[in-house]
Amino acid sequence: MPSLSPLVTIRDLNKIFESRKGLFGEPRRMTAVNQVSLDIPRGQVTGVVGESGCGKSTLARLVLRLLEATSGSISFDGVDLLKQSHGAMRLLRRRMQMVFQDPYSSLDPRYTIADALLEPFKVQGIRLTTAEARQKVEALFAMVGLDARFAQNHPHQLSGGQRQRIGIARALALEPDLMVLDEPTASLDVSIQAQIVTLLEKLKHELGLTYLFISHDLNLVRYFSDRIVVMYLGRIVEILPDAKAAPRHPYTQTLLDSTFAPDPTQRRDISRLTGEIPSPYNLPQGCAFAARCRHARPDCLSRRPVLETRSDGHAVACFHPLT
Amino acid sequence: MALLDVQDLSIDIGGIKPLDSIGFAVDKGETLGIVGESGSGKSLTALSIMGLLPLIGGRVERGSIRFDGMELTRLPEPDYRRLRGRRIAFITQNPMTSLDPVIRVGEQIDQVARLHLGLSGSAARRHSIEIMERLRIPEAATTYHNYPHQLSGGMKQRIVIAMALAANPDLIIADEPTTALDVTIQAQIVQILGELVREKGVALILITHDMGVVAQACDRVVVLYAGRVAESNTVSAIFASPRHPYTQALIGCIPRNAMERGSLVGIPGLVPSVARYPAGCRFHPRCTRSESLCEREVPVLERLASGAEIACHVADKHEAAHA
Amino acid sequence: MTAPALDHSPGFLAEARRTTLGKVFLSPKGGITGAYLLALVLVALLAPWITPYPYDAQNLPLASQPPSLANWLGTDEFGRDVLSRIMYGARTSLSVSVTAITVSVFIGMCLGAAAAYFGGLLDRFITAVIDLSWSFPELLIALILVAIIGPGLTSTMIAIGVAYLAQFTRLTRAEILALKNETYIEATIGLGASHSHVVFRHLLPNAMAPVIICGMLATGDAIILEATLGFFGLGAQPPVPSWGAMMSSGTAQIFKAPWVIIFPGLVIAITVVAINLFGDALIRALDIKSKIREG
């Protein structure tokens with residue numbers, strides 16, 4: 001795998017949302033994604049973790065150009081994504097697909113499952129004979145471990161986990177290179193979450209996929225990813241070169257301390273955790289995490305740390321990293 | 001005699017029987033976890049204790065719910081109304097819908113104290129602010145005057161907890177109180193609930209699907225599957241040696257720190273719907289160890305010498321082996 | 001796909017559709033009004049063959065006769081059979097209002113969908129024009145249009161269509177704005193779908209039901225508007241009968257031969273009430289469908 005160029009290269013990506021209260025109100029600007037630079041290596045799982053409002057879902061949509069970036073560049077396999085025309089982009093979408101968080105609303109309630117699975121071919125203008133179509137649907141069902149008897153059902157007749165499998169099958173239909181997984185298990189039971197994660201692992205090996213895996217669950221990301229990107233309020237605060245690396249940013253440590261292991265002998269004392277995530281509409285001028293950080297010193301409040309990469313690939317944006 | 005003692009509870013909702021012979025007890029200063037996937041009957045158990053089954057067209061068919069010596073299944077509704085909110089408090093999953101959007105949050109806490117404790121305006125207000133401070137709500141006196149929409153999700157959930165505490169209840173039932181919250185906020189809420197149990201001696205029933213939360217916060221745990229108790233034990237024993245295959249599987253679903261890739265195992269299949277429970281052990285179609293006996297005969301809930309309870313034909317019931 | 005469906009779910013939606021219509025016709029409200037409307041449509045279609053007299057057969061010696069065995073609803077000042085003219089009038093009233101509303105619903109859906117989907121300047125322009133027309137009473141818009149184009153059936157249809165356009169455009173726009181946030185729309189765009197695919201395959205089919213119900217209810221209002229224009233002599237031109245024109249001619253002898261004005265008026269009233277009640281029953285029955293949509 002080494003020496004291959006990354007599948008996706010993101011440089012200085014910004015997304016600013018503007019909203020206005022009423023016709024004459026002051027426009028409010030929110031920087032959802034702030035100067036994000038990131039490589040997504042081929043055949044690997046890049047995990048992005050963070051809490052609500054950290055910009056991880058916005059980042060996912062920017063990478064696939066489901067949202068238009070305010071500035072910056074995204075290169076997909078050498079193609080400058082943000083310069084593609086509407087038509088060229090539509091063709092490129094064959095190679096990059098997304099699995100959505102909510103399996104309940106990601107399928108049109110009026111479509112049968114078979115129609116939903118055939119829609120990717122239809123929108124890409126790929127004509128299939130009836131026999132081919134049937135074959136494709138059966139192959140996709142088999143791929144995600146579902147019984148083909150569901151073909152003529154409607155989404156509401158399936159459980160959440162089954163629907164998410166259909167969401168994955170739909171994304172796989174066009175044989176993409178990149179799959180962006182936006183919290184694909186967040187609305188499922190833990191038992192079903194484990195099923196879906198196992199399925200995604202299997203598919204990655206069989207099809208040689210590259211994943212961008214978005215989640216709020218650091219343990220899940222650590223389990224599933226090769227590299228971990230930690231975001232806080234629109235910025236990358238840390239990039240862990242491998243899933244086992246010890247966190248250097250206090251926020252990553254906080255996230256780790258907030259997850260409960262299924263082991264009563266490892267109970268945590270969380271009384272040290274305090275504070276709320278600040279409003280993304282008016283960010284402090286210094287480090288955004290300083291107000292909640294136990295290690296914060298005066299310089300953290302006045303200046304903003306930039307992301308600095310160590311020789312081992314471990315990057316952190318902190319004046320006083322833990323290690 | 002425990003504060004709350006539920007025995008052999010079966011309920012009936014329009015001819016279907018989603019709970020079958022449930023039993024557990026919880027005492028003051030103790031936290032009982034009720035775990036299971038969606039559809040296992042966790043929330044219905046809470047509704048039964050609150051006497052709210054008639055709201056969804058259900059009734060207690062058999063069994064008893066004794067609270068502080070009173071038999072709740074035969075309690076007339078007016079008496080029940082004096083119990084609810086006053087001695088048994090209920091915290092729901094969704095803090096966004098539990099608060100009235102047009103009333104200041106502090107006044108909503110006041111209302112509870114006025115109704116149940118007969119406190120006057122200023123005394124109720126002092127009482128509310130005191131509770132808010134105990135829940136570590138920053139600047140409680142200011143937050144008192146805010147409306148729900150001005151607060152974050154975690155802060156709203158704290159207000160909901162404050163309302164539950166306002167009448168000094170003996171028992172708090174919390175139904176997935178942290179599911180909708182960010183991980184760092186979830187950790188704080190779990191910590192707060194734990195302190196209440198330790199310092200105020202309330203009894204807490206924590207309904208959750210997350211074995212991590214159980215390990216962190218509970219003393220005893222009841223594992224429900226498809227409306228029946230699969231296993232019940234102290235938290236330390238159940239994590240040290242889970243006996244029921246379902247308990248083992250539930251714990252195996254959670255990605256742990258430093259877990260090897262590929263070692264996560266989901267539970268195959270789905271929780272059966274109430275209308276189509278399989279014969280014999282209801283878990284047998286998903287169980288890796290099921291035998292022909294499991295398909296035919298319902299396993300009875302056996303009480304072991306240590307106080308552990310288990311309903312399984314194949315599980316190891318020798319206590320010495322695990323002592 | 002010929003894969004066998006689950007035992008409990010063969011053609012679930014088709015079944016639900018059947019029961020939806022079944023529900024409408026089986027409810028007392030929907031059943032009675034539905035039967036009446038069905039009968040009215042049949043009468044309108046078959047009028048040339050089933051009326052007791054031709055609508056324009058004058059019989060001056062028998063002018064202004066009260067209801068009798070020969071003329072069940074009496075005759076007008078030219079001795080024409082009122083029943084026959086009402087039956088023919090159903091043709092005019094129904095065809096004008098149904099055609100106008102159908103075209104209006106179609107155009108309204110296109111405008112509303114375009115405004116909601118593309119947003120920006122187009123949305124502002126469409127919304128501004130529609131809001132402007134919304135602020136005038138429908139009758140006023142219709143009168144102005146007929147005054148410009150001239151009286152007649154075509155201009156009545158245009159007037160009705162334009163008068164109700166705002167309603168359908170606004171409703172479609174609101175529905176589509178809500179649907180646009182559904183994940184499956186984003187998912188479809190992510191597959192590389194064109195704008196037209198997203199609009200015509202996903203947004204409009206999901207937004208259609210409430211707009212069509214609204215159109216159905218508006219048809220009742222349209223019948224009144226058509227009758228009003230007819231009453232002022234701006235609609236169907238004699239001798240073609242329309243319910244409004246009949247009432248208009250009846251005013252001249254309201255005391256001498258009240259049946260000439262009463263019966264067409266009664267038919268208008270009953271028809272409008274029937275359409276509204278039937279629409280109510282349909283909305284109630286469709287509640288099930290919205291449940292299906294949400295899963």
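Contact here means heavy atoms within 4.5 Å. The model shown in these views is predicted.

**View 1. The two assigned domains of chain B.** The domain assignment divides chain B into domain 1, formed by residues 4-87 + 169-322, and domain 2, formed by residues 97-168. A distance of 30 Å separates the C-alpha centres of domain 1 of chain B and domain 2 of chain B. In contact across the boundary are 19 residues of domain 1 of chain B and 14 residues of domain 2 of chain B.

**View 2. Area buried between domain 1 and domain 2 of chain B.** Together the two domains of chain B bury about 1400 Å², of which 62% lies on carbon and sulfur atoms. On the side of domain 1 of chain B, the most area is lost to domain 2 by Arg86(B), Pro169(B) and Ile192(B), which together account for 34% of what that side buries.

**View 3. Polar interactions across the interface of chain B.** Between domain 1 and domain 2 of chain B, three residue pairs are in polar contact, with both residues at pLDDT 80 or more.

View 4. Two or more residues each are given to the side of domain 1 of chain B that touches domain 2 by helix H2 (77-83) and helix H8 (183-200) of chain B. H8(B) gives the most to this side, with nine residues. By class, the side of domain 1 of chain B that touches domain 2 comprises nine nonpolar, three polar and seven charged residues.

Definitions and conventions
Residues numbered from 1 in each chain as written. Chains lettered and ligands numbered in written order. Predicted model: local features only at pLDDT ≥ 70, side-chain atom pairs only at ≥ 80, totals over all residues. Heavy atoms only, no water. Domains from an automatic or database assignment. Buried area = accessible area lost by both parts, 1.4 Å probe. Polar contact = N/O pair within 3.5 Å; in protein donor to acceptor, adjacent residues only side chain to side chain. Helix = DSSP H or I, 4+ residues; strand = E, 2+ residues; numbered from the N terminus. Nonpolar A, V, L, I, M, F, W, Y, C, P; charged D, E, K, R; others polar.
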